Amino acid sequence: MALMALFRSINKQLQAEGFQMKKKLTPTYIAGALAGLVLSTGVAHADTWRYAFEEALTDVQGVYATKFKEEIEKNSDHEVELFPYGTLGESADIMEQAQAGILQFVDQSPGFTGALIPEAQVFFVPYLLPTEPEQLNEFFRTSKAINEDFKGLYAEQGLELLKMFPEGEVAMTTQEPVKKPADLNGVKFRVMTNPLLVETYKAFGATPTPLPWGEVYGGLQTNIIQGQENPAFWIESTKMYEVTDVITFAGHSNFTTAVMANKEFYDGLSDADKKVVQDASAAAFEYIVDYQKGLTEESMAKIEKAKPEMTVNVLTEEERAPFKAAAAEVEKKFIEMTGDSGKAILDQLKADLKAVTDK
């Protein structure tokens with residue numbers, strides 16, 4: 001009887017959060033809800049913290065999460081349970097679970113978080129971020145916009161922003177070569193469900209097509225879509241090269257991701273535990289930026305070995321010029337979408353970038 005009462009309590013919590021129409025109450029999900037219920041009611045202090053992310057354990061987010069887990073467990077009595085992509089659903093699912101307190105930590109790209117926090121779409125303004133790795137890493141370490149201003153915006157959504165980090169230069173994969181925006185005319189290009197990314201590929205000449213990640217490989221295979229973008233390690237890991245023929249580096253973006261905690265959970269930690277979490281986030285950041293040195297080259301070598309006929313193009317500065325011209329329109333769209341708040345974030349990011357690139 002006690003177990004049934006507990007189940008009913010969990011079910012009420014899920015219904016209160018709007019999950020009844022979205023989730024099947026599987027044992028895994030109920031176990032997650034129980035963890036969240038314990039934390040939110042203060043019945044006990046959970047020793048196991050749950051952390052979900054959008055990639056496989058061996059991909060960049062997984063490597064960061066593994067280091068974070070190692071640091072937490074080395075410096076506290078807590079354990080961290082990791083949930084790679086797919087184990088708890090898609091990106092929208094894990095974000096809902098983090099906001100509800102079912103997960104204590106979540107790693108999600110601003111590409112998806114942009115639906116909650118429109119200003120986070122700023123990372124999809126093309127050609128905003130530097131391509132030189134040391135400058136890029138220093139920007140993420142020191143940026144006031146990232147490390148101070150964004151915290152308040154995430155807090156409004158029940159999230160404690162712990163760390164943002166880059167995951168690698170984004171490359172386009174297509175069926176035909178791309179040397180200029182006109183080459184993307186008529187190309188159905190998969191994008192995340194991100195309004196600014198849609199505007200980017202409209203400006204580039206393509207037909208942007210939002211699609212869940214789980215449908216991308218099949219969509220390319222059946223010609224429902226003809227292109228997508230991601231860092232090289234992800235193109236190699238997910239075998240996107242098998243269903244596309246050309247990889248193009250236009251230098252327009254570096255994939256950014258953000259590690260967050262449920263804010264109620266984080267605020268309820270002791271000062272000592274907060275320090276453990278912050279220190280683990282910082283240690284994992286330094287580990288992951290070091291880990292990524294040469295990762296693009298290694299991934300491309302694996303792709304070219306697996307598919308020698310793959311065409312790889314790195315656009316020249318002259319070839320990039322019309323894409324950069326299109327980026328100015330995307331920046332205007334960002335400000336239209338986000339108003340004064342977005343403009344303030346963009347201006348601060350530009351100041352932070354100038355401080356790094358002028359050194």
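**Close-up views of a predicted chain**

View A. The structure is a predicted model, in which local features need pLDDT of at least 70 and side-chain atom pairs count only at pLDDT 80 or more, while totals for chains, interfaces and linings use all residues. Residues are numbered from 1 along each chain as its sequence is written, and side-chain values use heavy atoms, with hydrogens and water left out. The side chain of K67 forms a salt bridge with that of E71, at 3.3 Å from N to O; a salt bridge is a side-chain nitrogen of Lys or Arg within 4 Å of a carboxyl oxygen of Asp or Glu. Side chains of opposite charge can pair when their charged atoms come close. E71 also counts as buried, because its relative accessibility is 10%. The two residues are 4 positions apart in helix α3, so about one helical turn separates E71 from K67. Helices (H or I, at least four residues) and strands (E, at least two) are DSSP runs, numbered from the N terminus. K67 and E71 belong to a network of salt bridges that also links E70 and K74.

View B. The side chains of K275 and D279 meet in a salt bridge of 2.7 Å, N to O. K275 counts as exposed because its relative accessibility is 52%, whereas D279, with a relative accessible area of 39%, is partly exposed.

View C. K343 is partly exposed at 38% relative accessibility. D347 is likewise partly exposed, with a relative accessible area of 37%. A search of the whole structure finds 20 salt bridges.

**View D. A buried glutamate without a salt bridge.** E55 is placed in the loop between β1 (48–52) and α3 (60–75). This residue is buried yet has no salt bridge, and R190, the nearest side chain of opposite charge, is 11 Å away. In this count Lys and Arg are positive and Asp and Glu are negative, while His and the chain ends are not counted. A polar atom of the E55 side chain lies 2.9 Å from the backbone nitrogen of Q61. Leaving aside neighbours within four places in sequence, E55 is in contact (heavy atoms within 4.5 Å) with V60, Q61, P84, Y85, E167, F233 and W234.

View E. V80 lies in strand β2, which spans residues 79–83. V80 counts as buried because its relative accessibility is 3%. Neighbours within four places in sequence left aside, V80 is in contact with W49, Y51, K69, I72 and E73. The C-alpha atoms of V80 and D47 are separated by 8.4 Å, although these residues are 33 residues apart along the chain.

**View F. The enclosed strand β9.** All 9 of the 9 residues of strand β9 (residues 254–262) are buried, so the strand is largely enclosed by the rest of the structure. In a regular strand the side chains alternate between the two faces of the sheet. Both faces of β9 are covered: N254, T256, A258, M260 and N262 are buried on one side, and F255, T257, V259 and A261 are buried on the other. Strand β3 (residues 105–108) runs antiparallel to β9 and is joined to it by 4 bridges; two strands pair if DSSP finds at least two bridges between them. Strand β4 (residues 159–174) also pairs with β9 in the antiparallel sense, over 9 bridges. M260 in β9 stands opposite V106, and M260 also stands opposite L161.

**View G. The chain as context for the close-ups.** The chain contains 14 helices and 10 strands. Of its 359 residues, 52% are buried. Among the contacts in the chain with a separation of 6 or more, 75% are between residues 24 or more positions apart.

Technical notes. Buried means under 20% relative accessible area, exposed over 50%, partly exposed in between (1.4 Å probe, protein chains only). A polar contact is a pair of N or O atoms within 3.5 Å; within protein, one must be able to donate a hydrogen and the other to accept it, and residues adjacent in sequence count only if both atoms are side-chain atoms.
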